[in-house]
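Hi there,

Here is the structure I promised to pass on. Have a look at it first, and then read my notes below.

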Amino acid sequence: MIEKTLRALEYAKILEKIAAYSHGEKAKNRILGLRPMTSLYEINEELDKVTEADKILFEHAVSPSVSMDDITDVLESAKVLSMLTMAEILKVGRVLRISRDLQTQLLRVPDDSVTLIKDMARTIFTDKRLEDDIDKAILSETEMNDNASSDLRNIRQKIKKTGESIKAKLYNYVNSPTYAKYIQDNIVTIREDRYVVPLKSECKGAIPGLIHDQSSSGATLYVEPFVIVEMNNELKQLLLEEQAEINRILRAFTTRIGQEADSIGYTFEVVTELDILFAKATYGNVIKGVRPVLNDRGFVDIRNGRHPLIPAERVVANSISLGGEYSMLLITGPNTGGKTVCLKLIGLLVLMGKTGLFVPALSADLANFDAVYSDIGDEQSIEQNLSTFSSHMTNVIRILDELAPNSLVLLDELGAGTDPTEGASIALSIASHILSVGAKSVITTHYNEFKEYAITTNGVENASMDFDPSTYSPTYKLIIGTPGASNALFIAERLGLKKEIVERAKLGVSTSKRQFEEVILSLEKIKKEAEQNLADAEKAKKDAEEIRKEAEQEREKLFLQRERLNLSVKKETKRLVEEAMSEATDIIEELRELLNNPTEAGVFRAQKLRKSLQSFIVDEENEFQGMAEEEEGEIVKGDRVLVKSLNSEGEVVETNAAKKEAKVRLGRIVSTFSLQNLQRLKKSEKKTKKIPPKPTVVPFYNEACSPVLNIIGKTSAEAIREVEFFIDKCLRARLHEVQIIHGYGEGILRRTVQEYLKTRAEVESFRLGNFNEGGKGVTFAYLR
């Protein structure tokens, strides 16, 4: 019954798709032979490994190579010391190299959560010396390297030398004018490992020797002259010695491989298992699958599950649950609506989860059922003389005989193929039996009796395939909780059946049934409207959330800009205070000196110094009043105002008398403030009032300004443009000291920058950097 279910659910097609992502032949065969596991522990362990494989492939972008030949038979031959061929030894060498590289790759993955696969990698057997010896000794499946052994190298050198001597003698015949008329071609060739010359057939005996072969046309004889017979014998002996040495090397490798055959065989199995895990992970990624959560409570909850064998551009996602409030789901509705696809979806995803595979869904809780039974499709058997109904019923009887509480039963069109009344009665009785056993089941049907059965029976739930109420075309969406209408009369009318025929058909339908169908249709329309309203509300909510996030980001951006501005103001204030303190200290020291040596000129000098000290005194109480006294009348658009909370001057762009607030432009930002927080500035007073040396009110700029500009690599024209923009920006930010990094080079950029600085009236002075400041590679400029 299990194999029958696997065929019905097309489980083998899933395995074929996974096998396509494996590399080794043995891994492909193993994948094709996979079957669902029964132990929940083993399933979860396999899913843990697949999860780690997914991390390695797609989070850490590691692409392990596991492509290698099956060496099982090779190792068995080596164990009994049956001499291996060069091709077989090369296969073992490749397995050793691939296994070692794979171990290195996996152990280097920087992820402590990857434990199971790393543990597998640590068990891989490595023999670098054997691997290198094979690589050094064997060049190809048919060629041994000269350096495989010193004896082989010496023998091959002798073979080469002897062969050259033989060819030299034979070319004496080939190139001799005496024998030119007897020679067919001016070449020296080999027959049966012996050097020969091609002689014309009619000149047989012209060169004394042994005939070894004849051309297919009979026009040429291949003759070994008697003068080189002994040399060819020597060459033949050397060739035998060469083969003997090659066999000795092959036997040595066979012995070494045979001694480690068990370890190499275990490694091959580990690498094959890793090949399978990476193939599973790759397939899971291709289908955009998620790791399922397996349970032993018989509970299934699939969210937005997609049938893995339907193309992504056509598949419709469906959510299905079973085993919670109900253990039987009855799906009703017209044909071609997608009932069978949903039936297969739940069964196939359960089997995939039990095989240790990711499943195509948003999320999936799957039960670890002991068995999954199905009766899907046309099982009519001509050979056994069984009708459709008999074939289905025979299958259902076998299922009922094996049924257990922890089973999943999938029945398509239960009771179909016979008299509708009897078929419905049998189907209801079978459904009741499945329910009494405690098994979980999904059943599709056309019978209206099942709709009533689901409503009146505990543990049973109705479901239907959704359709468009306006066109009666299927949407392939599963709707749980609502029975499906057949829509046969509506579909027939839409397809063009004459109206009088449809009306006559309606008379044949009982009033209660027709009313029931109309109620279902009405419910569908109401549900569609509710779903549309919900979708609109969700979209509005999403849009509002996006706006909120953007506002939060903008607020955060403004906060950071304000913090940077405050930091800049603090630095500038500190610099001004330090300068003032330094100047005041110098004045005080000079006053002390004048007091120690009083003169008339000293008195005048002291009075002057005293006035200089008074310039450092700030009248904190009258500072605001001196800058902007409050004026009668309302604040209107265009007024210059002082924002008290920010101590910054701005321009009113809009007022709102009702809310007692105004919008004020501060630099590039327009913000709203209460009128109580604003102080109107008198224009006349602003014109006549003497501007203090260091005004308390600072224009508000919201752009961050770095005091350092790097123009290394720029052309002179590019440098001038950037320095000009940089100086203007620093002036707006009220920076006093700035740095322009131009590098050493030939001094062209340095001279260009300094010539430009001389043209700017805002630049008080400039200098090159000190030794510890960058030297001639940087210019310090001081702004007024």
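Let's start with Ser-441, which sits in strand S14 (residues 440-445); strands (E, at least two residues) and helices (H or I, at least four) are DSSP runs, numbered from the N terminus. Please keep in mind that this is a predicted model, where local features need pLDDT of at least 70, side-chain atom pairs count only at pLDDT 80 or more, and totals for chains, interfaces and linings use all residues. Residues are numbered from 1 along each chain as its sequence is written, and side-chain values use heavy atoms, with hydrogens and water left out.

Is Ser-441 buried or exposed? Its relative accessibility is 0%, so Ser-441 counts as buried (buried means under 20% relative accessible area, exposed over 50%, partly exposed in between, with a 1.4 Å probe and protein chains only). Leaving aside neighbours within four places in sequence, Ser-441 is in contact with residues including Leu-322, Met-328 and Ile-434 (contact means heavy atoms within 4.5 Å). Val-409 is 32 residues away from Ser-441 in sequence, yet their C-alpha atoms are 4.5 Å apart in space.

Now for helix H8 (residues 128-137), whose buried residues are Leu-130, Glu-131, Ile-134 and Ala-137. Seen down the axis of H8, these fall within an arc of 145° (taken from the directions from the helix axis to the C-beta atoms), so they line one face of the helix. Arg-129, Asp-135 and Lys-136 are exposed on the other side of H8. Among the elements covering the buried residues of H8 are helix H6 (86-107) and helix H10 (229-259).

Enjoy exploring!
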